[in-house]
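Thanks for coming. I will go through one structure today, starting with charged pairs and ending in the core.

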2 protein chains.
Amino acid sequence: MRMSEGVEWALHECLNLTWLEPGEAVTAARLAKYYELPTAYLNKQLQALTRAGILDSTPGPRGGFRLARRPEDITMMDVVTAIEGPDGAFRCEEVLRRSPGDHEGADYRKSCIISQSMRRAELAWRRELAAVTIADLKEIVESRHPASPGAILRGLRT
Amino acid sequence: MRMSEGVEWALHECLNLTWLEPGEAVTAARLAKYYELPTAYLNKQLQALTRAGILDSTPGPRGGFRLARRPEDITMMDVVTAIEGPDGAFRCEEVLRRSPGDHEGADYRKSCIISQSMRRAELAWRRELAAVTIADLKEIVESRHPASPGAILRGLRT
DNA sequence: GCGCATTTACTCGGATATTTTATGTCCGAGTCTCTTGGG
DNA sequence: CCCAAGAGACTCGGACATAAAATATCCGAGTAAATGCGC
């Protein structure tokens with residue numbers, strides 16, 4: 001069980017984009033260069049964020065990516081779901097269905113206590129991630145590292 | 001991000017083993033046959049559980065696997081950790097270290113707010129799983145499906 | 001009939017293939033900008 | 001000087017390789033039981 005590395009990239013880049021002027025866009029190449037990431041692969045993640053309605057993309061010169069909505073309206077859960085997909089980590093394959101006996105009309109994804117317990121745990125995980133917005137992250141960074149926003153802006157623009 | 005299917009198998013088999021007589025062992029072949037699982041691969045998972053101290057294994061005739069401790073002392077988290085390994089789903093690769101500027105002596109696994117938030121979420125997940133023991137599962141099954149234990153025992157012994 | 005050495009069959013355990021997933025790369029479609037020529 | 005048409009360059013977007021991990025399989029080391037032999 002390992003989360004895609006793209007999640008870490010996506011969260012950092014979303015956070016970085018919060019410090020841009022409204023309407024200002026940054027290309028995938030500049031975002032990638034800032035963390036020395038492979039440009040084309042980061043682009044792939046940014047596309048996923050765009051499909052999820054988290055980013056807006058504009059092609060052509062002066063194009064690039066920008067946040068599609070206010071940072072207050074983007075949760076960490078939104079970003080994780082955009083990159084990793086909507087399915088949870090535990091996928092009940094209903095092994096009980098293959099055991100001896102009759103299983104007519106049984107949905108073990110719902111009735112199996114193991115499946116239920118795993119789902120309950122993942123729900124707690126999702127709740128934590130859904131409680132933190134990009135705006136929260138921005139505020140904490142500005143409070144702890146006041147010099148960072150300026151440095152990031154400079155990095156993204158050069 | 002997808003959890004190994006072996007986790008589902010391991011949980012079900014640990015639960016099944018709770019209904020055996022004390023000291024009674026079941027071979028990997030019988031455990032696999034009950035759910036029509038690939039024997040050798042299930043054996044691999046059982047080995048992982050053995051290394052983790054959850055199961056005891058004895059070779060030779062009349063050998064097999066049994067629980068190494070009381071079901072009350074085995075949590076779902078124990079089983080998940082045994083199969084998936086000790087590392088969490090989110091692995092902070094410290095992308096901040098690759099950004100412009102000085103990073104002497106910084107441990108972004110601890111200081112980065114994104115890493116912190118992800119860890120907090122996983123902690124909530126672990127807490128839920130650690131709160132449920134195999135004994136809890138056993139009790140619920142016996143309460144909801146009184147006929148199951150007998151059927152399982154018969155299945156494992158034939 | 002009883003005890004002991006030997007054989008035999010059975011089990012786990014780890015080393016070895018195969019399939020799936022994640023990672024990384026490349027080139028084309030579309031769009032905005034800049035240039036350039038004419039009015 | 002102003003405007004419009006066209007060329008050019010830049011960007012995203014999805015299709016295509018490569019690397020890593022999960023899945024599945026096989027065979028050997030070790031063990032306990034069963035067998036056969038001698039007493």
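Let me begin with R2(A), which forms a salt bridge with E93(B), the closest N and O atoms being 3.3 Å apart. By salt bridge I mean a side-chain nitrogen of Lys or Arg within 4 Å of a carboxyl oxygen of Asp or Glu. This pair crosses between chains: R2(A) sits in the segment before α1 of chain A, and E93(B) in the loop between α4 (76-84) and α5 (108-111) of chain B. Helices here are DSSP runs of H or I with at least four residues, strands are runs of E with at least two, and both are numbered from the N terminus.

A word on the source: this is a predicted model, in which local features need pLDDT of at least 70 and side-chain atom pairs count only at pLDDT 80 or more, while totals for chains, interfaces and linings use all residues. Residues are numbered from 1 along each chain as its sequence is written, chains are lettered from A and ligands numbered from 1 in the order in which they are written, and side-chain values use heavy atoms, leaving out hydrogens and water.

Back to the charges. Over all chains there are 15 salt bridges. Another one is between E36(A) and R98(B), at 3.5 Å from N to O. E36(A) is in the loop between α2 (28-35) and α3 of chain A and R98(B) is in the loop between α4 and α5 of chain B, so this pair also joins two chains. Within chain A, R97(A) and E94(A) meet at 3.3 Å, N to O, and E94(A), R97(A) and R109(A) are linked in a network of salt bridges.

Is E94(A) buried or exposed? With 10% relative accessibility, E94(A) counts as buried. The cut-offs are under 20% relative accessible area for buried, over 50% for exposed, and partly exposed in between, with a 1.4 Å probe and protein chains only. R97(A), at 35%, is partly exposed.

Next, the rings. The whole structure has four aromatic pairs over all chains. Among them, W9(A) and Y41(A) are edge-to-face, 5.6 Å centre to centre with 85° between the planes. They link helix α1 and helix α3 of chain A, 32 residues apart. To count as a pair, rings of Phe, Tyr and Trp (its six-membered ring) need centres within 6.5 Å; planes under 30 degrees apart are stacked, over 60 edge-to-face, and the rest tilted. W9(A) is buried at 5%, whereas Y41(A) is partly exposed at 41%.

Now the inside. The largest nonpolar core has 104 residues, and L49(A), M118(A), L49(B) and M118(B) have the most contacts inside it. Such a core is a set of buried Ala, Val, Leu, Ile, Met, Phe, Trp, Tyr and Cys residues joined through side-chain atoms within 4.5 Å. Beyond its neighbours within four places in sequence, L49(A) is in contact (heavy atoms within 4.5 Å) with residues including C14(A), V79(A) and I83(A).

Two of those belong to the buried set of α4(A), which includes V79(A) and I83(A). Why is helix α4 of chain A largely enclosed by the rest of the structure? Seven of its nine residues are buried, so the rest of the structure encloses most of the helix. Its buried residues pack against α1, α3, α6 and α7 of chain A, together with α6 (113-130) of chain B. After α4(A) comes G85(A), with a positive phi near 90°.
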